Amino acid sequence: MANLDQQGGGSRYIGGSGETLSEVQQRLLKEREMKIRSALEKLRKKRHLLRSQRKHREFPMVSVLGYTNCGKTTLIKALTGDSGLQPRNQLFATLDVTVHAGRLPSHMTVLYVDTIGFLSQLPHQLIDSFSATLEDIKHSDLLVHIRDISHPETVNQKVNVLSVLKNLQIPDQLMTSMIEVHNKIDLVDNYQSAEPGAVLISALEQRGLDKLKTTVEEEIVKSTGKQILHLKVKLSTPQLSWLYKEATVQDVQVNADEGTAVVKVIISAAAHGRYNKQFEGR
């Protein structure tokens, strides 16, 4: 009986309360479950706040997803130059989403979201537990599905990932615009994709990244409703500095005689509206 008391967490639970060993174990598991659910709820609230801040600053979000060890973290490190990212060859190397800023060819800043890597193998009963991590995907502006094209099960892995995304009820727009990336082409001799639209890369060798950045930029402009405009500004006003802060300035052509400049920008409809309101008539 002493052994049973020890297994149940000590005699004070069984002898003092009249609970059976099974009841003690169930109660302890229930208490642990409540603590985990409370932590997940706090995590959801934190994520909601972070998403609100990102939307307010109008940084497009690009979620990078796929199987464990497909190269997500290596790719984001290559796209952003974030030396703090350290890819690891193991299951659940990424247990929580991390966000990393990178620049596209137009100088537009985007946020790359490194998602949990065990996405397509999560048992159905664990989906709720991991929803706090996976729900960031729903709020993205663009999805990038990266595949390890050298893996013998790469086709089945794609099917599983798409199945999980469907179960998560990802919006149709995100599914339609999702970019498929075939990674690790350096491990396959003379690799040629039979799938139209796939972007072929080696994240480790940083091959194909320019093509990927261009594709990401094209889809971001479409999905966010941003516009490419040429705006004439007076150099004596704060217009130019405002555009640098609130939009993506691609080019500035100065006319010194007039004291003006024509600025090529990528700007959201909301930011353009604020610009017109603030500088109307100037």
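**From a salt bridge to the sheet and cores**

Arginine 27 has a relative accessibility of 27% and therefore counts as partly exposed. Buried residues are those under 20% relative accessible area, exposed residues are those over 50%, and partly exposed residues lie in between. The model described here is predicted. Glutamate 31, with a relative accessibility of 36%, is likewise partly exposed. Arginine 27 and glutamate 31 form a salt bridge in which the closest N and O atoms are 3.4 Å apart. Both residues belong to helix α3, which spans residues 21–57, and because they are four residues apart there, about one helical turn separates them.

The protein chain contains 10 helices and nine strands. It has 282 residues, of which 44% count as buried. The chain exposes about 16100 Å², and carbon and sulfur atoms supply 50% of that area. Among contacts with a separation of 6 or more, 63% are between residues 24 or more positions apart.

How are the strands arranged? Six of them form an open sheet in the order β2-β3-β1-β4-β5-β6, with mixed pairing. β2 (98–103) and β6 are the edge strands, since each pairs on one side only. In general, the strands of a sheet pair through backbone hydrogen bonds, in either a parallel or an antiparallel manner.

Arginine 147 stands opposite histidine 182 of β5. β5 and β6 also run parallel and are joined by two bridges. Valine 181 stands opposite valine 199 in β6. β5 is mostly covered, as five of its five residues are buried. Ile179, Val181 and Asn183 point one way from β5, while Glu180 and His182 point the other way, and all are buried.

Which residues does isoleucine 179 contact, leaving aside its neighbours within four places in sequence? They are Leu142, Leu143, Val144, His145, Val199, Leu212, Thr215, Val216 and Glu219. Ile179 is also a member of the largest nonpolar core, which has 25 residues. Within that core, Val62, Leu75, Tyr112, Ile179, Leu212 and Val216 touch the most other members. Two or more residues of the core come from each of β1 (61–65), α4 (72–80), β3 (109–114), β4 (142–148), β5 (179–183) and α8 (209–224). Helix α8 gives the largest share, five residues. There is also a second, separate core of 15 residues, including Leu229, Leu240, Trp242 and Phe279.

The structure holds 10 salt bridges. In one of them, the side chains of glutamate 180 and lysine 158 meet at 3.0 Å, N to O. This pair links distant parts of the chain: glutamate 180 is in strand β5 and lysine 158 is in helix α6 (residues 154–167), 22 residues apart. Glutamate 180 is buried, with a relative accessible area of 14%. Through salt bridges that share partners, Glu180 and Lys158 join Arg147 and Glu195 in one network.

Another salt bridge in the structure is formed by arginine 147 and glutamate 195, whose closest N and O atoms are 2.9 Å apart. Arginine 147 lies in strand β4 and glutamate 195 in the loop between β5 and β6 (199–200), so this pair ties together parts of the chain that are 48 residues apart in sequence.

Serine 63 is buried, with a relative accessible area of 0%. Its side chain makes a polar contact with the side chain of serine 140 at 2.5 Å. Serine 63 also illustrates how sequence distance and spatial distance are separate quantities: serine 63 and lysine 138 are 75 residues apart in sequence and 9.1 Å apart in space, C-alpha to C-alpha.

Methods:
Residues are numbered from 1 along each chain as its sequence is written. This is a predicted model: local features need pLDDT of at least 70, side-chain atom pairs count only at pLDDT 80 or more; totals for chains, interfaces and linings use all residues. Side-chain values use heavy atoms; hydrogens and water are left out. Buried means under 20% relative accessible area, exposed over 50%, partly exposed in between (1.4 Å probe, protein chains only). Contact means heavy atoms within 4.5 Å. Accessible areas come from the Shrake-Rupley method with a 1.4 Å probe; for residues, only the protein chains shown count as cover. A nonpolar core is a set of buried Ala, Val, Leu, Ile, Met, Phe, Trp, Tyr and Cys residues joined through side-chain atoms within 4.5 Å. A salt bridge is a side-chain nitrogen of Lys or Arg within 4 Å of a carboxyl oxygen of Asp or Glu. A polar contact is a pair of N or O atoms within 3.5 Å; within protein, one must be able to donate a hydrogen and the other to accept it, and residues adjacent in sequence count only if both atoms are side-chain atoms. Two strands pair if DSSP finds at least two bridges between them.
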